[in-house]
Structure formats: C-alpha cells, structure tokens
Amino acid sequence: MDKALLRCKSIEKINNQLYCLKEIESVNRYLIVGTSHALLFDTGYGYLDFKEQIKKITDLPVYVVNSHGHPDHGLGDYLFKNVYIHVNDYYQLLAFDNDSTTKLHTIKYRYKKLPELKNYINEQQYIKPGNLSHTKFHFIKDHDKFDLGNLSLEVIEIPGHTYGSIALFCPEKGWLFTGDSVCYYNIYYQMGLQLQAPWKVYIRSLNRLLNMNKQVSELYPAHGQKPIPLSAAKETKEAIFDLVKNYQDDRMIKTINKDAYAHYYKHTLILYSNEMVKEALHNGLDD
Ligand SMILES: [Zn+2]
C-alpha cells in the first residue's frame, strides 16, 4: 500500500474493543466494537472510502455518529446510509457539503501535505454539492444511549466549539470521546457566534466533563495525542481565562479556515477571532 492509501486507510488497534482509523493527519475516527454492534465516531473528510477497513475489523452492524458538524468530522458521512448527529449541527454540516469552493480548498490544502492523494481521490465527485443527500440523518440528544452489547455509549451534550457538539461516554470502560472540544491540539474558535457558542457555554460544558472525574479513565480526542487525561479539560478552561486576560499579545496566524489570533497555553492552542474577545469582555466568563 503506498503512502496516500496508507494514510487514508490506516488501522490502529488501541485494544480489542477500540480502534483508530485516522485520516492523514486529520481526525481520529474511532471504532468501538461491542458484542452486538460497533460504533464509528466521526467519518472524517471521507477523501477515500474506508468501509473495507471497518469490515476488516468487524462484521457487526455499525452505528455512525458525528461528534459535531464540521467538515473534517462529517463530510465522510456520504459513505454511510444512516448517521446520528445533534440537530444543532445538522444544517451546518449540510452547508459545508453544499459549498464546493470550501471542499476544493480543503483538498488543495491536503495535497500540499500529501500530493499522492491526487491519484486516488475522485475530485469532481467529492466537491459536488449534495453528496450527503443519500444519507439519512437521525438526531441525538443528551443521555441517548447506543447499546453495543457488552459496551454502551452515552451522548453528552457539550455545546461550545459548535452548538451541537457531543461527547460519548462508555461507562463500562471509562472512555470519554470528546471530539474537538477537548484535545492537546488546535481548538478552533474563529467561526463567529452564529456557529460557535459564547465562552460561558463552552466553560459550562468543560465543567460538566470535569465533574465526571470519578468515572473517566481515559479521554480520546478527535485530534492529536490520544489518550489524554481528563485534566486536559481543566487546561482548556484555564486557557480561555488566560486568553481573555492576555489576548493583547496574541498574533494573527493563517489557518485552514480564516486567519485567526493564536493563544498558546500549555498543550493547547486556541485560534479565535476579535468577536470572541469582545464577547468575553461583554458577558464575562464566570458561569
Ligand atoms: Zn470542529
């Protein structure tokens, strides 16, 4: 298998019941395997069909769930007939799918890092609007449960990074899957308040996760290092407070989206807009 295929179709076995199907250096797509069902958390950009990778791991029926509606988590949903997502992110995901210009932009960005991808991707098909029109979406809410037989996954609403962001918690193992909301990686917060919640809402979500400290053994984020400790959520919270106190020194940098201010704090980099500073100064941070 050459480099491009390898990096779109890699299988990393974390243990017998947990696999990571990473797509290039983008999202960590997790496959959790129980005795009656499996669950795929996020589908990535879906540059290449990776269903055969899932088949290599399990023949069980697979629930497909999105952590939120960003393109690197949900554009790959076109590969599946049924997908679960929070209703608050549904329209956002469809809007990305209908935006051929942005889809082309993300592919070009990826070619810079992995030129061989060009040989495998059907670019014209991929950037066509409406690829997700063949997928049926089901809406999930707080405390919904996916029963995988000997394992289960509970939906925890954590609005912030998007209004429809969710985490999944596996009580039998103590695994917490946090999407983009907690990770030792870039946390994007520059898309505007129409698409991303005020800081207070995000902090409330982080507090909710921190309150689960007795139950959580390992945290599996959608990007970067994995697993990481739950203290990463505390660090993210501290990073927001630090940002609002010290934003004056932050520089603007280029990102895959728009340019954004960069605030570094320990393992975390928050990329944000002026609007978010104004929001914090206006509304405060204490919940
Ligand atoms: Zn995201």
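A residue counts as buried if 20 or more other C-beta atoms lie within 10 Å of its own, as exposed if 12 or fewer do, and as partly exposed in between, with C-beta atoms placed from the backbone. In soluble globular proteins, nonpolar side chains tend to be buried together.

This is a predicted model, in which local features need pLDDT of at least 70 and side-chain atom pairs count only at pLDDT 80 or more, while totals for chains, interfaces and linings use all residues. Residues are numbered from 1 along each chain as its sequence is written.

The protein chain has 9 helices and 16 strands. These are DSSP runs numbered from the N terminus: helices are H or I with at least four residues, strands E with at least two. Buried residues make up 44% of the 287 residues. The C-alpha atoms fill a box of roughly 50 × 45 × 30 Å along the principal axes.

Two strands pair if DSSP finds at least two bridges between them. Strands 8 and 9 pair in the antiparallel sense over 3 bridges, and Phe146 has Leu153 in strand 9 as its bridge partner. Both Phe146 and Leu153 are also in contact with Leu39, as are Ile32, Val62, Tyr63, Val65 and Leu148, leaving aside neighbours of Leu39 within four places in sequence. Contact means C-beta atoms, placed from the backbone, within 7 Å.

In helix 9 (residues 274–283), Met276, Glu279 and Ala280 are buried. Seen down the helix axis, the buried residues fall within an arc of 95 degrees, so they line one face of helix 9; the arc is that of the directions from the axis to the C-beta atoms. The face turned away carries the exposed residues Asn274, Lys278, Leu281 and His282. After helix 9 comes Gly284, with a positive phi near 75 degrees. The buried residues of helix 9 pack against the elements tabulated here.

| Element | Residues |
|---|---|
| Strand 12 | 186–189 |
| Helix 7 | 199–210 |
| Helix 8 | 231–246 |
| Strand 16 | 268–272 |

Technical notes. Contact = placed C-beta atoms within 7 Å.
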